[in-house]
Amino acid sequence: MQRFLFPLSLTLLVATATAQGYEPDYGVLAPRAGFAAGVGDDVLFDLQPMNITFPMGGVAASYTYAHIQSNGVMFLTTGAVSGGTTSGYSTSTATQLSNLQGLAFEPPRIAPMWRDLDMLAANGGGVFFNNTIPGKFVATWMNAVQYGTTAPIFTLQVQLFATGEVHFYFDGTTASTSATITGLSHGNAIAAVPGVDLTGVMGNSGTTQLLFEQFPANTIDLANKFIHFAPNVFGGYDETSTDCGAFNRTYGAGCYQVSDSFYQHFANAAVASTALTGQSLTLTPTGLQYTVTWGGGVFIPPTPAAVEVFAAPMDDGEVVVTPSLPFATPTGPVASVRVHSNGIISWGASAQTFPGTSSYTPTANGFLDGGNAGIYAWHDYNETEAGSGRIKREEIATGTDTVLCVTWDGVENYSTPASANPGTMQFQLNLTSGVVVLVWPFVDGNVTSAYGSAHLVGYSPAGASIDDGGIVLATALPLVTQAENMPAMTLSASPAPISTGVSGTVVTYTTENMPEYGLGTGTYIGLNVISLGQVANGLELIALGAPRCYAYVASLDVTQAMIGTTPTQSVTLSIPPLVPPGYEFYSQSVTMVAPFSLPNGMNAYGMTVSNGVRQRIDTF
């Protein structure tokens, strides 16, 4: 594992730093005459000058003092004590709202989390205020707990700006086991309005200065959130939310995720009928794999010598068939195969399994994780329905080859209610060469089944397989199946990039599942990219000759080489102290490979990429 320490310059970081930062300078503990500063339960601390003029309606046009209460709320005044309650919290939604509205002539209230909080010195915190920063006033409830509990311990912060803007911050452990309210109000018995989802679509209070969300017990979703209230042109507030606190979050997906299976899932019979009727699929042994092509098959009508696979008409059943010759498979010859009435031929010591589904409901997971290897033309057939044809088998001599034909000969498709809707489909297993051909003379399009009418066509080895999302058979073939699953390249970062006034963080970026530069070389070559910009939904690099690979970063601002002898490589990045909170940057890894060296000749350019990682720097 290669390691590189790359110090990212402070100049680079501050170039685009956001102003929406958690304020690490809490100031001082809020005094309370005759008592310890900053701590207590159900208390109003001493009135404090904000040293800004904060514009807000209510009993005055603007306010210059703050009366901070221990229970996650503060009241604004023009210099007199607020008369605010020392408690005021409630589990009643009606009382919560009326408390936030206030009575006539009562002052505004700013409530990041109005709940029964306990500010305990034993937790190393308390209520702080800072009125020394030009243009804003900051109040912080540091290391609070809900009364009567010992955990979680969390921190809340409010910033008021001379512009009239309000910022709420909630750290990553913010929670409440009781109902609570978050919001702001100009008080003075302001008229009630409906609440909003503060972390959803942008909130807008229109002309009113009352904006809030109420949370039932154990549902508050504000952890690691920043809520921004901005005065709008109508006299009320616009509200937006973003994440806060330091984090590393992945987005997008790397390339290439290659499965040892292939399949196409058809959502219903109508789609399958259009795609499959009159078509065929051929699987030709290529070493220990199959080369899969679209077409190449001709239906062989059953002769009078054909016998019924099941002794009696069958629905959702399986039987072992032993042909005259062993059947060659990618994992070696087998003496017998298993024929399932729902269009599956598999091989294994036990009956086929369908993890997470039933044998009559085709799903990707049920196909990919089946216990036996098998070839699928999976659909809910029903021989037991009146008038249905039967599933038949016979061996046909074709030149020097012997072919086992298993034919669904006019077999009814499950429908609700039962109706005449037969289909015909055939497996041709060449016992001499191992070639398998699937032919669909007619696929019924009835979609009325109460259990769904999906089809799934493909091949999967025994056991769990990666899901590569499936393919469109008519356009994705030919392909060669793979001996092993190849997971997509992934990038992760740890720990979260915290930067305080005295320390920074060394972040480790780990890139996994890197493909070899060339098959058998044992060499892995790549870059980790740091970017100031993000492409959130990704930009496909098909124009470069790297289809299905997406760029998730907008620029290559910093690159770090990765060269080693293992598919997992790490690099490090040093985040210095004093980086402004709220700064975000992005990363993605790139691996170089020999052009066309990936499975099925993918990627003419010779490059694979990882997912993206979004990173946010903060002081906590």
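Thr-619 counts as buried because its relative accessibility is 16%; buried means under 20% relative accessible area, exposed over 50%, and partly exposed in between (1.4 Å probe, protein chains only). Thr-619 is found in the segment after strand E43 (607-616). Helices (H or I, at least four residues) and strands (E, at least two) are DSSP runs, numbered from the N terminus.

This is a predicted model, in which local features need pLDDT of at least 70 and side-chain atom pairs count only at pLDDT 80 or more, while totals for chains, interfaces and linings use all residues. Residues are numbered from 1 along each chain as its sequence is written, and side-chain values use heavy atoms, with hydrogens and water left out.

Leaving aside residues up to four places away in sequence, Thr-619 touches Tyr-22, Pro-24, Ile-498, Ser-499, Thr-500 and Pro-581. Contact here means heavy atoms within 4.5 Å. The side chain of Thr-619 also makes a polar contact with the side chain of Asp-618, at 3.5 Å. A polar contact is a pair of N or O atoms within 3.5 Å; within protein, one must be able to donate a hydrogen and the other to accept it, and residues adjacent in sequence count only if both atoms are side-chain atoms.

## Salt bridges

Asp-618 forms a salt bridge with Arg-616, and their closest N and O atoms are 2.3 Å apart. A salt bridge is a side-chain nitrogen of Lys or Arg within 4 Å of a carboxyl oxygen of Asp or Glu. Both Asp-618 and Arg-616 are buried. The whole structure has 11 salt bridges. Lys-225, Asp-243, Arg-249, Glu-584 and Arg-614 are linked by salt bridges into a network.

Arg-390 and Glu-383 pair through their side chains at 3.0 Å, N to O, and both residues are buried. Another salt bridge joins the side chains of Lys-392 and Asp-409 at 2.9 Å, N to O. Lys-392 lies in strand E29 (residues 391-398) and Asp-409 in strand E30, so this pair ties together parts that are 17 residues apart in sequence. Lys-392 is partly exposed, with a relative accessible area of 23%; Asp-409 is also partly exposed, at 25%.

## Nonpolar cores

In soluble globular proteins, nonpolar side chains tend to be buried together. The largest nonpolar core of this model has 40 residues, and Leu-283, Phe-427 and Leu-438 have the most contacts inside it. A nonpolar core is a set of buried Ala, Val, Leu, Ile, Met, Phe, Trp, Tyr and Cys residues joined through side-chain atoms within 4.5 Å. Apart from it lies another core of 38 residues, including Val-43, Leu-76, Val-127 and Ile-227.

Among the residues that Phe-427 touches are Ile-344, Ile-375, Leu-404, Trp-408 and Leu-438.

## Two partly exposed tyrosines

Tyr-360 is found in the loop between strand E27 (344-347) and helix H4 (364-368). Tyr-360 counts as partly exposed because its relative accessibility is 27%. Tyr-360 and Asp-380 are 20 residues apart in sequence, but their C-alpha atoms are 4.8 Å apart in space. Asp-380 is one of the residues that Tyr-360 touches, and others include Asp-316, Asn-342, Trp-378 and Tyr-451.

Tyr-517 is placed in the loop between strand E36 (505-512) and strand E37 (524-531). With 38% relative accessibility, Tyr-517 counts as partly exposed.
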